[in-house]
Amino acid sequence: MNNKNSNLKIVYIFLLGIFYLLYNYIAPTSSDMIIYSAGTFSFICLGLYLSDNMKFDIPHYKMNKFFATVFINLFFFTVWFILTWDFWIIPLFLMFTSTQMILTIYLISVTFKRIKTTVYGSGEMKRRVLSSLIRKKEYEFINIDDLEKIETFVKENRISYVILAKLHLSEEEINTILKIRMNGVEVKSYFDYMQEETYKIDVELINNEWLLYGYGFRILHSPINNRIKRIFDISMAVFIGILTLPIMIISAIIVRLESPGPIIYSQARVGEHNVEFNVHKFRSMRNDAEKDGAKWAMKNDPRVTKFGNFMRKTRIDELPQLLNVLKGEMSFIGPRPERMVFIKDLEKVIPYYNLRHLVKPGLTGWAQVMYPYGASVEDAKRKLEYDLYYIKHHSISLDIAIMFMTLKTVVFGKGR
């Protein structure tokens, strides 16, 4: 179920591409404009993704989708028109935009279906599942009051999906649930549901046995995957470094002019296998920010300079860490590195917090794109749940997805 929207995006782009090629043939733009045409299509798809207008997990087509699509198309087709002054672009824009609307409405209408769902269990696990289900429009939750009558309840209410919010089942419960599953009802354990639907791992409910037998964690024992990841890191660091060099130069000048102190701020952080290294950032705080000792960063932190606040929201302050990536101290994607002074306290109150140090820290990460900014023990716990998911499910495709989600964060200034 969690892959449905991703698969629909691929289908949508594929079908849209076919119609786009067809319309380019119908509207005879000159052959030397292939680059402009391909660039326009690519940027439109990227724009739709960044603006969250490539989703099909809603029951109806909304007007804000219409206006966003028209605006994105109009912008990139206008750029193409200004560069070429080819008037065939106008009917191409109209045909393509109309097709987008029709295709989106069609995909929503044929794929969106509310799934009748119930939760077998009680207590905190059930509460957490329900808090997730309530945010998902495709699930129609039907509560079961008498767990002993689960088989009858599923038949009478035509339940399609059962989530097990219970760690240990009796032999009788196993046989009953198995019978339900064999009759075509999808059954998911609590941990599988939380991973597949919320993309995180509940640190308070896992144990050593779960870690021992759990699938995944290839990043910890696959030399080939780690070599590929290293090639990815170096390639992205060089590419992003060259692309953002003018931004870094301008930022360095503004940091120097805005407040006294060094342009680059280096600080000891904990990396892979608990080895400390110096992480580099553009200084975003006053030079005397920690005159009274180490403190958690906070929302609307008064120690942050005006330009520093802008850099944090757009992640510009992190760009000097490209050097850490090239040196092999950090990866491009991974858990964010923390300071030892905070880690010692966090390990005392958060179970399995040390697991995040099994891999290299990252310039950006799954927790950063999935969880809003926060600076407390509770926030650290919630971020760890996403970090553990990343370590368990790591793949290059996940790294690429995080890259695009980070780009969205940068474009809309949603960083911390």
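Is Phe19 buried, partly exposed or exposed, and at what relative accessibility? Phe19 counts as partly exposed, at 31% relative accessibility. Buried means under 20% relative accessible area, exposed over 50%, and partly exposed in between (1.4 Å probe, protein chains only).

This is a predicted model: local features need pLDDT of at least 70, side-chain atom pairs count only at pLDDT 80 or more, and totals for chains, interfaces and linings use all residues. Residues are numbered from 1 along each chain as its sequence is written, and side-chain values use heavy atoms, with hydrogens and water left out.

**Figure 1. Overview of the predicted chain.** The chain has 16 helices and eight strands. Helices (H or I, at least four residues) and strands (E, at least two) are DSSP runs, numbered from the N terminus. The C-alpha atoms fill a box of roughly 70 × 65 × 40 Å along the principal axes. Of the 416 residues, 47% count as buried. Among contacts between residues at least 6 apart in sequence, 74% join residues at least 24 apart. Contact means heavy atoms within 4.5 Å. The accessible surface comes to about 22,100 Å², with 63% belonging to carbon and sulfur atoms. Accessible areas come from the Shrake-Rupley method with a 1.4 Å probe; for residues, only the protein chains shown count as cover.

**Figure 2. The nonpolar patch that includes Phe19.** Phe19 sits in helix H1 (residues 4-26). Together, Phe19, Leu22, Tyr25 and Ile26 make a nonpolar surface patch of about 440 Å². Patches are made of residues with over 30% relative accessible area and no salt bridge; like charges are joined within 9 Å, nonpolar side chains (Val, Leu, Ile, Met, Phe, Trp, Tyr) within 5 Å. A salt bridge is a side-chain nitrogen of Lys or Arg within 4 Å of a carboxyl oxygen of Asp or Glu.

**Figure 3. The open parallel sheet.** Four strands run in the order E2-E1-E3-E4, with parallel pairing. Strand E2 (139-141) and strand E4 (186-189) stand at the edges, each with a single partner strand, so one side of each lacks a neighbour in the sheet. From one strand to the next, the twist averages 30°. Angles run from 0 to 180 degrees between N-to-C directions; axes are lines fitted to C-alpha atoms, for helices over the stretch in contact. Strand E3 (residues 161-165) pairs with E4 over four bridges. Two strands pair if DSSP finds at least two bridges between them. Leu164 has Ser189 of E4 as its bridge partner. Helix H8 (residues 190-198) packs on the sheet and touches E2, E3 and E4. The direction of H8 makes about 95° with that of E4.

**Figure 4. The hairpin of E5 and E6.** Strand E5 (residues 264-270) and strand E6 (residues 276-282) pair in the antiparallel sense over seven bridges. Ile264 has Phe282 in E6 as its bridge partner. Five residues lie between the strands, and His273 takes a positive phi near 60°.

**Figure 5. Helix H11 and its packing partners.** H11 spans residues 306-314. Phe307, Gly308, Met311, Arg312 and Thr314 are buried in this helix. The buried residues of H11 pack against helix H10 (223-258), E6 and helix H16 (396-411).

Figure 6. Arg315 follows H11, in the loop between H11 and helix H12 (322-327). Arg315 is buried, with a relative accessible area of 11%. Tyr352 lies in the loop between helix H13 (340-349) and strand E8 (362-364).
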